Amino acid sequence: MKKLFSTIKEKMKGNLPLFFFVVILFWLKTYAAYRIEFNLGIDNKMQEFLLFINPLSSALLFFGIALLFKGKVQSTIFIIMNFLLSFVLYANIAYYRFFNDFITVPVVMQTKVNGGQLGESALSLMSPLDIFYFTDTILLILFVAKKWYNPGKLVSRKPGAVVILAAVATFMLNLGLAEKDRPELLTRSFDRNYLVKYLGAYNFSVYDVIQNARSASQRALADSNDITEVENYIKANYAAPNPEYFGKAKGMNVIYVSMESLQTFMIDYQLNGQEVTPFLNSLAHDGKTFYFNNIINQTGQGKTSDAEFIMDNSLYPMSQGAVYVNKAQNTYQASPAILKSFGYKSAVFHGNYKTFWNRNEMYRSLGYDEFFDAEYYNMTDENTKNYGLKDKPFFAESMPILESLPQPFYTKFITLSNHFPFKMDEGDTDFPAAETDDNVVNQYFQSANYMDQALEQFFNDLKTSGLYDNTVVVLYGDHYGISENHNKAMEEIIGKEITPFDNAMLQRVPVFIHVPGVDGGLVNKVGGQVDVQPTLLHLLGIDTKDYLTIGSDLLSKNHREVVPFRNGDFVSPEVSQIEEKCYSTETGELIEGTGCESLAEKARSELQMSDDIVYKDLLRFYKPEGYKPIDRNDYQYIKKDIPITEERNGLGTQQ
């Protein structure tokens with residue numbers, strides 16, 4: 001071993017040989033991470049070549065900066081650069097393992113907002129073998145400690161300048177080839193997978209910083225003229241309400257329930273002959289509840305908060321980061337604000353603390369009158385898990401507060417138990433786990449069954465309280481629970497190979513709307529989460545024609561069925577575009593040619609209109625007739641004394 005070290009030391013004499021040795025190690029490590037950790041969809045040799053070379057420009061640029069310095073400063077900068085770039089790579093790896101996405105600047109801001117509450121989820125994504133991604137950093141520290149890399153007096157900055165110029169030339173070559181294979185890469189794509197595949201994780205991070213600076217400037221430069229194009233587009237695509245249902249729920253209370261991580265495939269699914277969600281299944285078939293089984297999950301990086309935003313505003317979330325964190329100060333015309341002029345009081349119930357996802361700030365802009373967070377609940381160890389209060393005590397303890405609200409009310413309940421990694425405490429449910437090699441998938445069925453029991457308990461409590469007969473209940477899955485990173489286990493569950501098209505279909509989320517006295521049933525129209533708000537408002541007898549809502553009424557005869565994902569793909573009844581490939585929606589087979597192009601353009605236009613509203617804060621320039629704008633200063637969520645008696649605390653069976 002000593003002889004080996006001596007040989008390496010001899011070969012590495014001088015700064016540049018060792019410099020390039022570490023650069024090559026870093027380059028190959030990054031490429032290995034691309035192949036092992038990320039599913040980037042390599043379709044041809046050009047993409048394979050670009051994936052291979054794209055880490056090189058970043059390595060040469062950032063490490064080349066160190067060559068402009070001398071002595072210990074050079075070696076220190078080299079180590080710091082190596083560690084920071086390795087950390088960025090590993091952070092993306094851990095994040096991708098669950099979210100199937102890459103970290104952006106707004107996500108880092110979200111981490112600051114939500115910090116300290118993600119521990120169990122984060123740890124479950126890590127492995128001792130991940131030390132591999134810091135091997136070159138450890139070697140570099142060793143080289144410096146052994147004085148194998150010991151730069152002395154700086155004779156010339158020329159080597160550093162040459163390396164940096166080489167980095168720029170390499171990047172320009174990379175970008176030119178990328179644009180040839182995927183034209184307008186930096187202007188058309190909503191999908192971060194494409195940017196990383198073509199340009200690399202580090203160059204993507206630089207691009208992301210630039211894009212966020214650009215986003216901040218968009219609002220400052222916007223004026224009232226920018227709203228005209230958006231208004232014309234939305235009004236030209238307005239879907240009039242169905243007269244059969246318009247106003248059928250006029251004056252009724254409204255309860256939204258966010259069903260954490262629930263996907264549509266779980267409805268009517270049986271695991272070893274047992275229904276996973278028997279209560280939700282009963283709603284799907286009772287003929288009294290509208291069950292929408294073709295609703296596309298349109299969330300982005302904000303996940304649960306994105307779903308909330310979509311449901312309240314009928315707008316798309318941001319392509320990077322979360323509206324709740326990055327645009328909480330914007331002007332909105334959300335459902336709670338719209339309903340104020342119709343005499344409604346609004347409230348949110350959530351078994352976590354008000355700062356999580358910046359809700360205490362965002363709800364002020366949405367116009368929620370009350371926010372009942374963890375301060376109102378019995379947050380014992382037995383009642384809580386990693387993200388807050390378990391669903392059964394959450395619903396049971398919420399009932400006396402709900403009953404105390406003036407009617408009519410517009411309320412939202414955000415459940416937490418069915419959350420990644422889905423591990424249940426002993427005694428929470430006796431439902432069996434699945435039997436794959438993937439614990440996340442196995443536990444998902446137990447967790448979903450627990451949530452289903454809690455929902456049944458809540459419905460029974462609503463009936464006992466007398467609220468059920470005058471309340472519209474909207475249940476919605478907020479986002480996927482099982483990402484495509486778990487497709488191997490999911491193939492065992494559904495009994496077939498999962499193609500990109502199948503994976504997209506698995507990301508559908510269920511939506512139920514129960515209106516007392518109105519017959520429902522299965523509605524299999526293709527729709528998005530963005531369509532739920534106009535559907536609800538029309539049921540309440542409020543026409544959305546004067547509001548800038550992107551979605552269209554799911555019960556309307558003119559409902560639009562071209563439904564974009566947040567990344568720019570779309571689904572329609574005839575064709576669907578997934579990862580920029582065109583499929584027959586009915587058969588799932590690939591379609592050659594340009595069968596999707598015209599609908600893809602419609603999907604992009606719709607996303608762009610929504611983005612203009614959100615990024616430029618255009619609603620500050622628009623006031624519908626009869627609408628009273630929200631003043632954020634009117635809302636402060638300070639805890640109030642609401643007694644929760646033992647008798648009410650026991651309402652509902654907490655098994």
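Phe570 has Gln577 as its bridge partner in strand S17. The model is predicted.

- Phe570 falls within strand S16, residues 570-571, which is joined by two bridges to strand S17, residues 575-578.
- S16 and S17 run antiparallel.
- Both belong to an open sheet of four strands, ordered S15-S16-S17-S18, with antiparallel pairing.
- Strand S15 (563-564) and strand S18 (581-584) are the edges of that sheet, each pairing on one side only.

**The eight-stranded sheet**

- A second open sheet is formed by eight strands in the order S7-S6-S10-S1-S11-S12-S4-S13, and its pairing is mixed.
- Its edge strands, S7 (370-372) and S13 (521-523), each pair on one side only.
- From one strand to the next, the twist averages 15°.
- Strand S4, residues 289-292, is connected to S13 by three bridges, and the two strands run parallel.
- Across this pair, Phe290 stands opposite Gly521 in S13.

**Helix H3**

- H3 spans residues 45-66, a total of 22 residues.
- From first C-alpha to last, H3 reaches 34 Å, which is close to the 32 Å expected at 1.5 Å a residue.
- H3 has a bend of about 30° at Phe52, and the proline Pro55 follows within four residues.
- At the start of H3, the backbone nitrogen of Met46 has a side-chain oxygen of Asn44 within 3.1 Å.

**Helix pairs**

- H3 packs with helix H8, residues 158-181, at an angle of about 155°, and their axes are 8 Å apart.
- Because angles over 145 degrees count as roughly antiparallel, H3 is roughly antiparallel to H8.
- The crossing in which H3 passes H8 is left-handed.
- For helix H10 (residues 192-199) and helix H11 (residues 201-221), the axes come within 7 Å and cross at roughly 125°.
- H10 and H11 are therefore oblique to each other.
- H10 passes H11 in a right-handed crossing.

**Cis peptide bonds**

- The bond from Gln407 to Pro408 is a cis peptide bond, and its omega is near 0°.
- Pro408 sits in the loop between helix H18 (391-404) and strand S10 (409-414).
- Phe420 and Pro421 are also joined by a cis peptide bond, with omega about 5°.
- Pro421 is in the loop that runs between S10 and helix H19 (439-465).

**A positive phi angle**

- Asn358 is a residue other than glycine with a positive phi, near 60°.
- Asn358 lies in the loop between strand S6 (345-350) and helix H17 (359-366).

How values were computed: Residues numbered from 1 in each chain as written. Predicted model: local features only at pLDDT ≥ 70, side-chain atom pairs only at ≥ 80, totals over all residues. Heavy atoms only, no water. Expected span 1.5 Å × (residues − 1). Bend = angle between axes of the 7 residues up to and from the residue. Polar contact = N/O pair within 3.5 Å; in protein donor to acceptor, adjacent residues only side chain to side chain. Pairing = 2+ DSSP bridges. Axes fitted to C-alpha atoms, helices over the stretch in contact; angles between N-to-C directions. Parallel < 35°, antiparallel > 145°, perpendicular 65-115°, else oblique. Left-handed = near helix turned anticlockwise from the far one by under 90°.
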